[in-house]
Amino acid sequence: MKKYSLLFLTLPLIFGSCSQKDQEAIVRSPELTNQVEFGLTEAGVPYYRVLHNGEVVLDTSALGFELVGQPPLRSGFEITGWQTGSEDETWEMPWGEQREVRNRYNEMLFTLKETKAPGRELKIRFRAFEDGIGFRYEFPAWEGTDSLKIQDEQTEFRLTGDHTAWWIPGDWDIYEHRYNTTRVSGIDAISKRDNEDLAATYIPVNAVNTPVTLRTDEGLHLAFHEADLTDYAGMTLKVDPESLTLTSGLVGSDRHGYKVSRKLPFHTPWRTVQIGDRAGDLIESRLIENLNEPNKLGDIPWFTPMKYVGIWWEMHLGLSTWDMEATQDMNTFSTLGNEQTSSKHGATTENTKKYIDFAAENGFGGVLVEGWNTGWDHWIGFEDREGVFDFVTPYADFDIAEVNRYAREKGVEMIMHHETSAAPRTYEQQMEAAYELMQEYGMHTVKTGYVGKIIPKGEYHHGQWMVNHYRKVLETAAGYQVAINAHEPIKATGLRRTYPNAIAREGLRGQEFNAWATDGGNPPEHLPIVAFTRMLAGPIDFTPGVFDIALPTRANNQVNTTLAQQLALYVVIYSPVQMACDLPENYAGQPALQFIRDVGVDWEQSRVLDGEVGDFVAIAREERGTGNWFVGGITDENERELTVDFGFLEPGKTYRARIYRDAADAHYRDNPTALAIEEAEITAETTRTFHLAPGGGFAISLMTD
Ligand code: NOJ
Ligand code: CA
């Protein structure tokens, strides 16, 4: 603490004692782990540099903008003012990976002004935390200008070497790509175009989507992302393989000649760099949430984290359909031939009751029903999808009142489904009526979806126009006590802190790809990458829990994990809503179901025990309210031994443990369900080594009662 205040006091001195052209200011995190250096070049170009434990991890990187109808805003500046600040607060997550979050940083806000006409002002705010840094641009009011249009943002991240990168292409429409592992110089997003499994995809340049995670040859981890994406376009990072520089590339729109349009004053989202010596530090970092505004909704007692089941996997397996007459095939994004149009409608009253019974028997809180409303016969492959869904009219064979009555009687809550078919204008017209209907039936969670190309043509899922749509949905829904689980969403940027009804989202290649992707589904390394990339953004509706791993109805597909790994995912992949996605009949008589019954969904604290990006990860989480702990470990295609030191448990206590692990001969490909279950007594003194099969894992429940 002493060290900190000394340094902090000297900051303005360091700053003030330099001549104008060499001006460089430093802001350091309270414990001095990370340091940002900021200055102007001779030409008045703002730049920054980032050091971690004294080593440069981002070299001199320029900052600026290209504007529409105005000269660029990136040179000719002088520094006209600066302010220092610091924070050390602890806030509580209403639900989350942990109850308490410490938000502790030092910051500096610089005011820059062009020395020549038009003499515009730009402010840049830097925050240094122990787990990384963030900065954002703040545009003050400009005399004579009330708004501006950004052509692109030119924020550079100049890397210090050709690091290993785990990346997906900078697609403007979708994040549902396979992750790639290459050196930064080997990133080739263009080669990921024309993916036939994606209903909408647009990759204009060689860029990546965030979070993107890098590891230096010295073993330091850097993850780039953004926080508080509000009324702005999503940021991709353009890759220059030669200079090893990433530069912000905002998602655009073909309807406008700009990427962002804003009234002055405003500020951009935070540009974030999480920095971790251990890979697991990235997962434990709460930097993204800390860079968001505090809770605006207050308590939301109407939403409780839960496990849920649903009429969902059966459609992805091709066993039933969303539409009543079965004319649509999700798997090929096409219309079925006439010979297949017999009714296989999934969302019938009777079938729903079967799922409600199953949920009630196992203590699962929710039941999702997809395909309950009219319009699905006009869903995929249709150009004009406006007005197709109204979100209030059930199909004739789905008695919404009866289903809700029955669910309530059984102590289960129905989860609503709104597939907008990427027609957001229709959804905005309908959503209040749709949420009113939910209120009438006491439903508090909706899964939304945006499959297909956005209507109006020319907009993209991740552009400013859609960012504002997703926000409008979140805010409107909150007014009706409705929580949102969005599929085909805008990426998570920590807004769950401000809007705790933003409970989960997809925004990655989810479980569904295992059922029908033409490339055979998610490879075993997928989730050991996701945990260190996509999961840094926020909760994931991955929908784990496939027990019938071979997928007998899908000749060319199977799930590329073992059964033990499917269990481990309830701990490893965080979400306040966790699906048990398989068919009720596939859980019947399975002892492994006990783990899904027992596992928590809301956490007091979380610890990453071990892990390497793309290889393996093991996480322990303590359940809120019970003191029970759960541990999950997963590996990629390589088998490995993982040693767990249970020192995180409460000392002196004996926990009743049930261990679900890969049997000695388990293998994701040809023996995925070979599972061993054993009981043990475990204390904080215990250390144990587990064998993980190729594509395997282990899951442990540690109960206190
Ligand atoms: C895509 C979603 O990711 C999936 O979960 C859903 O079943 C379909 N869209 C239909 O809405
Ligand atoms: Ca999807």
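This is a predicted model: local features need pLDDT of at least 70, side-chain atom pairs count only at pLDDT 80 or more; totals for chains, interfaces and linings use all residues.
Start by selecting arginine 271 and glutamate 226: a polar contact of 3.1 Å joins their side chains. Here a polar contact is a pair of N or O atoms within 3.5 Å; within protein, one must be able to donate a hydrogen and the other to accept it, and residues adjacent in sequence count only if both atoms are side-chain atoms.

Residues are numbered from 1 along each chain as its sequence is written, chains are lettered from A and ligands numbered from 1 in the order in which they are written, and side-chain values use heavy atoms, with hydrogens and water left out.

Back at arginine 271, colour strand S21 (residues 270-276), where this residue sits; helices (H or I, at least four residues) and strands (E, at least two) are DSSP runs, numbered from the N terminus. Is arginine 271 buried or exposed? Arginine 271 is buried, with a relative accessible area of 0%; buried means under 20%, exposed over 50%, and partly exposed in between (1.4 Å probe, protein chains only). Leaving aside neighbours within four places in sequence, its contacts (heavy atoms within 4.5 Å) include Phe135, Phe157, His225 and Tyr232.

Next, select phenylalanine 126. Not counting residues up to four places away in sequence, Phe126 touches Phe38, Tyr48, Met108 and Phe135, among others. Phe126, Phe139, Phe224 and Tyr435 touch the most other members of the largest nonpolar core, which has 185 residues. Such a core is a set of buried Ala, Val, Leu, Ile, Met, Phe, Trp, Tyr and Cys residues joined through side-chain atoms within 4.5 Å. For a second, separate core of 20 residues, pick out Phe648, Tyr655, Phe690 and Leu702, which are among its members.

Now go to the calcium ion (ligand 2). Which residues supply its protein donors? They are Glu176, Glu488, Glu506 and Glu512, through OE atoms lying 2.3 to 3.1 Å from the ion. Donors are N, O and S atoms within 2.8 Å of the metal (3.2 Å for Na, K and Ca); water is not among the atoms, so sites may look incomplete. Along the chain the donor residues are spaced E-x311-E-x17-E-x5-E. Glutamate 176, in the loop between strands S12 (164-167) and S13 (180-183), and glutamate 512, in helix H9 (residues 512-516), are 336 residues apart. Both glutamate 176 and glutamate 512 are buried.

Show ligand 1 next. Among its closest residues are Glu370, Lys447 and Glu512. An oxygen atom of ligand 1 is 2.7 Å from a side-chain N or O atom of histidine 487, and an oxygen atom of the ligand is 2.9 Å from one in glutamate 506.

Finish with some backbone details. Most residues other than glycine have a negative phi, and most peptide bonds are trans. At glutamate 488, phi is near 45°, a positive value in a residue other than glycine. Glutamate 488 is buried, with a relative accessible area of 8%. Then compare alanine 117 to proline 118, where the peptide bond is cis with omega near 5°, and isoleucine 455 to proline 456, also joined by a cis peptide bond, with omega about 5°.

Note on methods
A residue is near a molecule or strand if one of its heavy atoms lies within 4 Å of it.
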